[in-house]
Amino acid sequence: MSQYPMSPVMGQMMSQPLLTSCVIRHADRYHGNQEIVSRRAEGDIHRYTYTECHRRSRQMANALSGLGVEVGDRVATLAWNGYRHMELYYAISGSGAVMHTINPRLHPEQIAYIVNHAEDQYLFFDLNLLPLVESFHAHCKTVKGYVMMCGLSSMPDKTSIPNLMCYEALIDASSELYDWSQFDENSASSLCYTSGTTGNPKGVLYSHRSTVLHSYASAMPDALNISARDTVLPVVPMFHVNAWGLPYTVPMVGAKLVLPGSSLDGKSLYELFEQEKVTVSGGVPTVWLGLLNHVSQNKLKFSTFKRMVTGGSACPPAMMKTFRNDYGVEVLHTWGMTEMSPLGTACTLQSHHLGLPEEQKQAILEKQGHAIFGVDMKIVDDAGKELPWDGQTYGNLLVKGPWVINSYFKGEGGGVLQEGWFPTGDVATISPDGYMQITDRSKDVIKSGGEWIGSIDLENIAMAHPAVQQAACVGVFHPKWDERPLLVVVKKPGAEVSKEDLIQFYDGKIAKWWTPDDVTFVDALPLGATGKVLKNKVREQFKEYKLPA
Ligand code: ADP
């Protein structure tokens with residue numbers, strides 16, 4: 001039921017629910033021969049078409065009803081990006097159940113917590129995740145059976161997992177005759193837990209409507225700009241925030257889809273990019289760093305790759321420049337979060353920018369961007385008062401829209417909205433023409449003598465230094481200023497740079513008092529389950545660090 005009043009004169013158009021099954025049905029009918037190519041856990045490359053994907057999704061939907069899965073039941077997947085995972089996306093949600101994607105990089109205890117919290121009825125997993133499932137299944141209280149996503153010949157002879165079934169056997173035994181159910185578009189389609197860097201993970205429950213609308217919006221030219229002429233390779237995992245919605249957006253527009261499996265190193269990705277003639281790809285900056293290292297060390301070029309979508313954490317401007325200037329790849333900076341399905345902003349130029357000098361255009365493209373239609377943003381102070389869009393004033397970033405969370409699954413964390421707006425936990429500025437730039441996550445801001453220092457700017461400058469591979473900047477205790485910035489740096493292999501040189505590198509690039517007080521070198525930075533630097537871990541590690549007096 002709508003919460004809004006009805007007009008005495010209602011529109012007289014067909015009332016057709018926006019369901020995810022409409023997407024695969026459309027891809028089959030209008031782009032039936034378009035390919036889905038997957039690198040499988042079995043080690044080979046698998047290719048088929050949207051028509052075959054649709055057929056096997058219907059067979060799987062029949063298999064699920066044979067297993068007794070009912071509307072609203074949660075069915076879990078623990079899998080990499082691959083065609084069987086894609087079939088489950090459509091089979092589970094299309095039959096009215098809720099697809100619960102789980103991140104295999106989480107700790108087994110955390111996975112068991114999530115499975116129990118979601119009350120998953122079945123759990124589907126990839127071939128190479130068998131040892132992981134063996135390590136936690138005994139703690140799962142609601143799971144009636146496990147399905148290994150492989151053929152009969154790959155099934156294990158012996159395992160501790162009870163009621164273990166074979167994916168291909170389920171498909172083979174099921175009819176392809178299945179009419180996708182019709183139900184209210186506000187029904188839940190999928191469930192994804194936040195990474196839970198502090199406290200237990202919380203479930204974000206997407207609806208069919210939010211998912212379909214998010215896909216429409218993210219395909220638009222000033223968003224991801226994906227069309228039937230593209231070949232899209234989502235590096236972003238299908239186990240986290242539905243791979244930014246790409247398993248829906250790509251078939252919706254009829255583009256070719258390339259699914260890379262679990263090998264996300266620079267070499268494996270480069271090979272797939274070239275073999276399959278990938279034009280667009282999406283991932284977090286750490287993945288792009290790996291790809292960049294591979295192509296630069298081996299003096300390679302991309303023959304078809306033209307647009308790299310980056311998001312999940314700030315994209316270092318130095319990396320953007322290298323991709324664009326040395327490899328001819330356009331970098332599209334996007335911002336969002338699990339609670340936003342995830343796309344909120346994308347950064348492209350507007351017509352009034354076109355005459356600007358190159359550097360000024362670049363400075364705009366380094367921002368997180370403008371809201372895509374459907375998302376509204378504002379910045380507020382701690383009392384909730386709205387702050388001006390002047391590109392200078394920074395405040396807490398709030399959002400609203402039809403694919404933004406209203407409340408967490410099972411009401412976890414209570415009411416999350418502030419007068420109808422979702423507080424993102426990010427601190428940002430907004431320019432007069434609506435371009436948002438994240439200064440920091442509110443928990444990562446460095447508080448120096450009552451003023452704020454944004455750690456992202458400091459990291460971006462460090463990463464522009466030729467000897468720096470990765471950098472994290474955190475606040476550490478200072479007797480006079482409360483906190484001061486400490487720069488933690490991973491050097492590029494074989495490169496050398498001194499602390500003093502790095503500190504000097506900030507001269508003229510930033511207000512003097514923002515300059516880090518000290519630099520420390522490490523072999524690696526701690527990465528979370530979605531490939532982001534864990535700033536809380538870095539802070540913890542350097543809690544006792546003594547800054548120079
Ligand atoms: P997590 O589970 O780590 O919270 P999300 O994917 O939901 O994962 O993370 C969302 C957060 O990631 C945002 O609130 C923001 O802090 C950060 N983020 C995402 N994209 C960007 C970006 N382009 N620049 C800076 N920060 C970003």
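**Notes on the cavities, a pocket and a sheet**

1. Helix H7 supplies the biggest share of the second largest cavity's lining, at 4 residues. (Helices are DSSP runs of H or I with at least four residues, strands are runs of E with at least two, and both are numbered from the N terminus.) Before going on: this is a predicted model, where local features need pLDDT of at least 70 and side-chain atom pairs count only at pLDDT 80 or more, while totals for chains, interfaces and linings use all residues. Residues are numbered from 1 along each chain as its sequence is written, and side-chain values use heavy atoms, with hydrogens and water left out.

2. A cavity here is a set of points on a 1 Å grid over the protein atoms alone where a 1.4 Å probe fits but cannot get out; a pocket is an open set with protein on both sides within 12 Å along at least five of seven lines; and lining residues have an atom within 4 Å of a point. Points are joined across faces, edges and corners, and volume is the space filled by probe spheres set on them. Among the lining residues are Tyr206, His214, Asn242 and Ser341. By class they are 2 nonpolar, 7 polar and no charged, with Ala, Val, Leu, Ile, Met, Phe, Trp, Tyr, Cys and Pro taken as nonpolar, Asp, Glu, Lys and Arg as charged, and the others, Gly among them, as polar.

3. The largest cavity holds about 90 Å³ of space. It has 13 lining residues, and Asn103, Leu106, Ile114, Tyr193 and His240 sit nearest its centre. Strands E4 and E8 are the elements giving two or more residues to this lining.

4. Now the second largest pocket, at about 1,100 Å³. Of its 29 lining residues, Gln3, Asn186, Arg209, Pro402 and Asn406 are closest to the centre. E9 (203-207), H7 (208-219) and E18 (395-400) each give two or more residues, and E9 gives the most, with 4. This lining does include charged residues: 5, beside 13 nonpolar and 11 polar.

5. E9 also turns up in an open, mixed sheet of 7 strands, ordered E7-E6-E5-E3-E4-E8-E9. E7 (164-166) and E9 are the edge strands with a single partner each, so one side of each has no neighbour in the sheet. (Strands pair if DSSP finds at least two bridges between them.) Inside the sheet, E5 (122-126) and E6 (145-149) run parallel over 5 bridges, with Tyr122 bridged to Gly145.
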